[in-house]
Amino acid sequence: MGSVTNEERTLAMETIRNIFCVGRNYVEHAKELNNAVPSSPFMFTKPTHALVKADGQAIHLPKGAGAIHYEAELVLYISKPYEKGIRVDDIVDKMALGIDFTLRDIQTELKKKGLPWLRAKGFKNSAVLTRWLAFPGIEPLKDTDFVLLKNDAEVQRGNIKEMIFDPQTLIDFAGEHFGLGPGDLLYTGTPSGVGAAETGDRFTLKWGNDVLGTFSIE
Ligand code: ZN
């Protein structure tokens, strides 16, 4: 690929403005990390420098910073300015799958100290993004699971039916508290099955039987 960086590859496709992520949005995942099930959405952001496209290449992740966990998530692309009352089907026009990579040991330390998660969640290449699919509307999404394969074995499977806060609630929360507009991404949280990613691992993100993106770790 010569001198084209992953960041340039991603940003050449469209302008991404803000990357919003949701923590603890699936009950089984909250339990596996011994977190309480939240009563309102818990959100954080990543810098746009964290973005990297899953287009078959090797992705470089930090070394010597403890365990790195994969978190497969449905990603929604916001195409209009948020206004109160706007429906998900009207503000989202495409979707993808993504990985919210997390430096889990560092995150655990930050949690203990009550510090922000940026160091654990915002490093370069921590926001993997597949190719886009046209958004079919919320109801049809419930007919399809998204799946993460690690070295050809299924490690995560999710369906938006299992979300604690549905996409409408997440969009209203982000729109009211932070603002939401064209070019913003929403990583909607991960189902159970998160685990370690190590050098040489190969990952495949599937929407139903449709492969949306692959990559490996270097
Ligand atoms: Zn996540």
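**Figure 1. Overall dimensions of the predicted protein chain.** A compact globule of 218 residues would have a radius of gyration near 17 Å, and the protein chain agrees with this at 16 Å. The radius is taken over C-alpha atoms, and the globule rule is 2.2 Å times the number of residues to the power 0.38. The C-alpha trace of the chain spans about 45 × 40 × 30 Å along its principal axes. This is a predicted model, in which local features need pLDDT of at least 70 and side-chain atom pairs count only at pLDDT 80 or more, while totals for chains, interfaces and linings use all residues. Residues are numbered from 1 along each chain as its sequence is written, and side-chain values use heavy atoms, with hydrogens and water left out.

The chain contains seven helices and 16 strands. Helices (H or I, at least four residues) and strands (E, at least two) are DSSP runs, numbered from the N terminus. Of the 218 residues, 55% count as buried. Buried means under 20% relative accessible area, exposed means over 50%, and partly exposed lies in between (1.4 Å probe, protein chains only). Among contacts with a separation of 6 or more, 77% come from residues 24 or more positions apart; a contact means heavy atoms within 4.5 Å.

Figure 2. E1 runs parallel to strand E13 (residues 185-187), and three bridges join them. Two strands pair if DSSP finds at least two bridges between them. Phe20 has Leu186 as its bridge partner in E13. With strand E2 (residues 42-46), E1 runs antiparallel, joined by five bridges. Here the bridge partner of Ile19 is Lys46.

Figure 3. The structure holds one cavity of 30 Å³ or more. The volume of the largest cavity is about 100 Å³. On a 1 Å grid over the protein atoms alone, a cavity is a set of points where a 1.4 Å probe fits but cannot get out, and lining residues have an atom within 4 Å of a point. Grid points are joined across faces, edges and corners, and a volume is the space filled by probe spheres set on the points. The lining has 16 residues, of which Gly23, Arg24, His29, Glu71 and Trp117 are the closest to the centre. Strand E1 (19-23) and helix H4 (104-113) are the elements that give two or more residues to this lining. H4 gives the most, with three residues. By class, the lining has four nonpolar, six polar and six charged residues. Ala, Val, Leu, Ile, Met, Phe, Trp, Tyr, Cys and Pro count as nonpolar, Asp, Glu, Lys and Arg as charged, and the others, Gly among them, as polar.

Figure 4. Strand E7 (residues 92-100) is mostly covered, since seven of its nine residues are buried. Seven bridges connect E7 with strand E6 (residues 72-78) in the antiparallel sense, and Leu74 stands opposite Leu97 of E7. Strand E10 (residues 133-134) pairs with E7 over two antiparallel bridges. Lys94 has Ala134 of E10 as its bridge partner. Strand E9 (residues 127-129) also runs antiparallel to E7 and is joined to it by three bridges. Asp100 has Ala127 of E9 as its bridge partner.

**Figure 5. The open sheet E8-E5-E14.** Three strands form this open sheet, in the order E8-E5-E14, with antiparallel pairing. Strand E8 (102-103) and strand E14 (195-196) stand at the edges with a single partner strand each, so one side of each has no neighbour in the sheet. E5 (residues 68-70) pairs with E14 over two bridges. His69 is opposite Ala196 of E14.

**Figure 6. Ala58 and Ser216.** Ala58 belongs to strand E4 (residues 55-59). Ala58 is partly exposed, with a relative accessible area of 32%. Ala58 and Ser216 lie 158 residues apart in sequence, but 4.6 Å apart in space, C-alpha to C-alpha.

Figure 7. The buried residues of H7 (residues 167-177) are Pro167, Leu170, Ile171, Phe173, Ala174 and Gly175.

Methods
On a 1 Å grid over the protein atoms alone, a cavity is a set of points where a 1.4 Å probe fits but cannot get out, and a pocket is an open set with protein on both sides within 12 Å along at least five of seven lines; lining residues have an atom within 4 Å of a point.
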